[in-house]
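I opened my notebook on a structure that is new to me.

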Amino acid sequence: MTFASLVERFYAALAAWGIPWIVPTLIVMVIVVSVVLAYISVAAMFMIWWERKISAHIQVRYGPMRVGGWHGWAQSIADGIKLLLKEDLIPTGADKVVFVLAPMVVFGATVAAYVTIPWAPGLIVRDLNIGILYMVSISSLVVVGIIMAGWSSNNKYATLGALRSAAQAVSYEVPLVLSLLGPVMIAGTMSMGKLVEAQSGRWFGVLPGWFVFPQIVAFLTYFTCALAECNRLPFDIPEAESELVAGFHVEYSGMRFAMFFLAEYANMFVVSAIATTLFLGGWHGPWIPLPGLPRDVAHGLFGLVWFQVKCYFLIFVMMWLRWTLARLRVDQLMGFAWKVLLPIAFANLIVTGLVLILGKHALLYVGGIAILLLVAILLAARPAARTVRVGERT
Amino acid sequence: MIPLSHYLILGGIIFSLGVFGALTRRNAIAILMSIELMLNAVNLNFIAFARYLPQTMLQGQVFAIFVIAVAAAEAAVGLAIVLGLYRNFKTVNVDEINLMKW
Amino acid sequence: MTLKLGIFYFLAAFTLWAAAVVVLGKNIVRSAVALIFGFCGMAALYVLLDAEFLAAVQVLIYVGGITILLLFAIMLTSRIGVTTARVVNDQVILSAIAAIGLLVGLIYASTSGIPAMSGPPRLPETAPFLGRALLTTYALPFEAVSVLLLAAMVGAIVLARKE
Amino acid sequence: MLKLVWLVPILPLAGVVINGIFGRWVRERAHLLAVGTTGLSFLIALGIFLQVLTGRTLNWDVYSWIPVGDFHATVGFQADPLSAVMMLVVTFVGFLIHVYSVGYMHGDPGYARFFTYMNLFMSSMLILVLANNYLFMFLGWEGVGLCSYLLIGFWYQKQSASDAGKKAFVVNRIGDAGFLLGLFLIWRTFGSLHYAEIFPQVAELHEILAQPSIFGLSLVTWMTLLLFTGAVGKSAQLPLYVWLPDAMEGPTPVSALIHAATMVTAGVYMVARSSALFDAAPVSMTVVATVGALTAVFAATIALVQNDIKRVVAYSTISQLGYMFLGAGVGAYASAIFHLATHAFFKALLFLGSGSVIHGLGGEQDIRRMGGLRKHMPITAWTFLIAALANAGIFPLAGFWSKDQILHAAIASGHVWLWALGAAGAFGTAFYMLRLYFVTFEGESRVDPHVAHHVHESPRVMAVPLIILAVFAFGAGLFGTSPEHSPYYTFVNPVFRAAGEGAAHAGGEGAGHQGPSEFTMALVSVAIAAAGIALAYQMYLRRRELADRMAERFRGAYTLLLNKYWVDEIYNAVFVDFGKWLCHRLWFVDAKGVDGAVNGTSWLTVFASHLSARFDFRGVDGLVNAIADVIQGGSQAFKRLQTGVIQNYLLAMAMGIFVIVSLYFFF
């Protein structure tokens, strides 16, 4: 009784009534899109409220406490209603078509990425065989929307923000994709479902078979790049309230602003979902066989819970970082991507490939070389004692 | 099934549009965009052939990958040239840039 | 079957419309945005041709890379609201003749001499195959392209750097 | 385990790469990596040696290096008893010298550079030893030559050091040219450079090899003589030995590593490795033995009177190398290699000991200004004494066994006069070694008073290698007490026996039971050595004035020896000055004869040109101008095509494509 078999039954039932196959397909599509949209809205509102609470507690405050009773849980709903009701302003100098199109592109690109998120065993909208590549390429559309927004606003802050965003996104996308290749190489597939399946074993019989253990370098690289892709601190150069007022969406208000806002949080969830799927074992986790529930349903339910737990943990880390770290300067940001992350990602890729090709022996060779290099680097990095010049001896 | 010629004709039309744009647009960036269109039309043909001639062992797709790589290189260099033009002439309209004449 | 044909016609029309806006549009930014849509339409056509991997690559590189570069360049070289009086130069008629002539030639070539072929019902997964082909049969062109990319990168940096 | 053999040369190479690249940052920590890799290399070598000891060998082509036509050189390694012994000696002594260098080179500005070169040297030497074909061996061969140049000229700011480096390089080059020619000949004859493919063919191709060729010498004789030329250059034999004494300009650990323990032994190793070829060429064998014996005596006589502590040891090295070639020349390859190994220990010890003395005295090298140092530097003195006695061939130290066996082999094979030369050399050796010890460490102190109160024992990092080496210099001989039964010989002999099978065998161990018995010979040797020591004791400790009186009486001979037979000067006169003179003559011929002809020609040319110019101005120019006018007119008309607008060109191109496509389709 998984999600997939439910859909199968639905198709079969409608086909039995003689209805052409296009109709149930469309119905399923509409339902799925509605569910995803609803999930995005609810999750984003929760995340906004959550972030406000986290930031407040980090700064030894309470945060929203009034709306809705317990710890101001309805604050985001109230904010959402306010944004919906606000007047929709379009600046006179703006390029109207592009201005209107921009938030749609951003939001659409983000939503499209939800297609291949593997929520639970069998619960995935479409398990494409190029799943992870699809997600990465669709996510890159977001930048286009940001540039459109920044340029069409006819505002120098917005344009600056968009320029920075474009430079940042293009730079960080390279190490991001490279770091994702490590798990893909190990699993030998790009399908999200199969990637999760590949992590079902155990390392050395003890650790769960998540790729984060062999690919810890890739995971850290990915997570850093993902922060940059979401424009989260310490990489929030495109928005940078204190220098660009709010960057590319400074001229947006009301519903359009809400779409940007929603997309940002939805995007956070997407990158966390990718990290969970590729590195943290997706839906895998301990589960209790509940009496009365069929095995696969219980598996699915617990899988759903585990997936959410892992995702929201990563989101929590992102929020935590935001309220802990300071913003980087632009040149530091670019230098970090090209001079630090990219070499690391490449090195990880090479080592992974060697280990995969050469098998266990490679571990020895690679380890040996790595230790030698490490020794060399340590030797080179430690400040040398001042050389005392002594006269020649023969 | 969609006939192969449909794809080829679509590719042809887009290619011709690209040629027209490359020949007539004054803005250098627009010319670059037209060239990208032409390259894309070629890619469409490559992939269509790869799909309809299975005995070619996906050669078409391999070449499409090479075309994409070349297009990326072309865009990078082309846009750098455009920026250089803009710095020196304060315009990107190619018909106003004719220093290289007799 | 007709459904697939319908989808094809829809995508073809969409892509053609986008291409036309790219070539004929007055506003350069609109052209660029239309180019993005055109690329996406093209990617959809690739999916229709069972080339999902290339579709993803198309979106990743064209949309995520090249058009962003284009928009970047546009932002650096033109201002909003300033539309030049003429977007085309003074050889439109000759160019149109040349383009239409080319089009006629291409359509003639596309319709004659090529039998109405229909490929295999479904291609196997292409990504692993492409990967293997690139590193064996096409290793040399692959390396050549990587050298080309490196050269382009260096060239672009040198060109764009201020003295 | 055996296949790990590639790690042995690679590990020092890794040190080279890292220290070479990061040297500027590594500085005073360079030794960590250098010593570490060398030590690791030694451990692996030890492991491989133990494996080889159990009777397993390896001949492994790692990959094809230069495949051209039917010539293909490979990068390949060979681990058999011979190379295992060499590898072990090289890594062990090399490791100790690396450790010693940490103390000796401390504070030198080129510290990292020094260790880079040392590691490169280790790597090259190990490649030389472990290669399984001549070409790969040649790589190591050239590598050690390069390193010797770099290391001798290490203090390149000093004119004499950089000159010595160049001298070593040039002299080595002469030998290498011969070696290379030998390789060509081997390749032409056998069609391969792999040991495993050449040696078995020696018996099969017996007729071809024995055929007289140029100058009536057989092919194999030429081959071996050419190879031996290389060995003469590398191992500093007569007449190409001149570079080695000068090489003392390098830092002392370099002298110990390169000019005593390893590099100079490459020639001996190569001759032993090629034993199958040499066995088939009796003439070459005689040449090798004679050159060796002559060198042994010649260098020993020079060493008798030298006053520079390192120079004495250097000439002693040449002399001992002569013994090794003597051994190889009379067919006792195993004994030669055994002497090589024991010599590596005590000679490295001698060099390091003298380095320690020099270090302790703040750079003083002249033994006339030393004396009585034993009280200040006991460790150095005792280890030096052990090494000196070992070198002198005193029972039961290492040098006794190996040298004795060589001499015994010489007489056993019937070369009595070679034995006599060797024995004379042995007497000289005992004399100069102990003279060196007595003058340096015993008697009253003649140290410069400014330096005297600074005299100190060397730091522990230098002393410990000395002690370890002393233990080996003392006891290493016990592995090879007899050429028939001792562990060393049973281990190594099969290599030569297998190689020499079927070859035309001349002399060697087969004739071992002729002549006087081993025991008698040993007694004679010890007696000779003891006589030498006694004389040294008399002259330099008991009655100092005796030495001066001897020098006074035999003034002519003394001066001759002190100036090293004026060989350097003779070489200078014969090769350098004669070369200069010849060049000068040739230049003269050039300036007068050739230049005159050229000038005459040029005058003719000028005259002809004048004639031709007349014609040119009238006829040709008129034509050219006419053409130019036409072109200019045409360009004026057609330059309008060059509008400078790129799209016009594009349009023309599109039109052209259109036309071509139309032509293709419709016509």
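I am working from a predicted model. I looked up chain C against chain B and found nine residue pairs in polar contact, both residues of each pair being at pLDDT 80 or more.

Next I asked which helices of chain C supply the side that touches chain B. I noted α1 (2–24), α2 (28–48), α3 (52–77), α4 (92–111), α5 (126–135) and α6 (139–160), each with at least two residues there. I then looked up which helix gives the most. It is α3(C), with 13 residues.

I also sorted that side of chain C by residue kind. I wrote down 61 nonpolar residues, 14 polar and six charged.

Entry two: extent of the contact. Chain C brings 81 residues to it and chain B brings 72 residues. Interface size is often quoted as the accessible area lost when the parts come together, so I looked that up too. The area buried between chain C and chain B is about 6900 Å². Carbon and sulfur atoms give 78% of it.

I looked at several of them in turn.

In chain A I picked Asp331(A) and Arg329(A), whose side chains meet at 2.9 Å, N to O. Asp331(A) is partly exposed, with a relative accessible area of 47%.

In chain D I picked Lys158(D) and Glu249(D), a salt bridge at 3.4 Å, N to O. Where do the two residues lie? Lys158(D) is in the loop between α5 (134–152) and α6 (159–190), and Glu249(D) is in the loop between α10 (243–246) and α11 (252–261). The pair therefore ties together parts that are 91 residues apart in sequence.

Another pair in chain D is Asp163(D) with Lys166(D), at 3.9 Å, N to O. Both sit in helix α6 of chain D, three residues apart, or about one turn of the helix.

Last entry: a network. Salt bridges link Glu142(D), Arg173(D) and Asp176(D).

Methods:
Residues are numbered from 1 along each chain as its sequence is written. Chains are lettered from A and ligands numbered from 1 in the order in which they are written. This is a predicted model: local features need pLDDT of at least 70, side-chain atom pairs count only at pLDDT 80 or more; totals for chains, interfaces and linings use all residues. Side-chain values use heavy atoms; hydrogens and water are left out. Contact means heavy atoms within 4.5 Å. Buried area is the accessible area (1.4 Å probe) that two parts lose on being put together, summed over both. A polar contact is a pair of N or O atoms within 3.5 Å; within protein, one must be able to donate a hydrogen and the other to accept it, and residues adjacent in sequence count only if both atoms are side-chain atoms. Helices (H or I, at least four residues) and strands (E, at least two) are DSSP runs, numbered from the N terminus. Ala, Val, Leu, Ile, Met, Phe, Trp, Tyr, Cys and Pro count as nonpolar, Asp, Glu, Lys and Arg as charged, and the others, Gly among them, as polar. A salt bridge is a side-chain nitrogen of Lys or Arg within 4 Å of a carboxyl oxygen of Asp or Glu. Buried means under 20% relative accessible area, exposed over 50%, partly exposed in between (1.4 Å probe, protein chains only).
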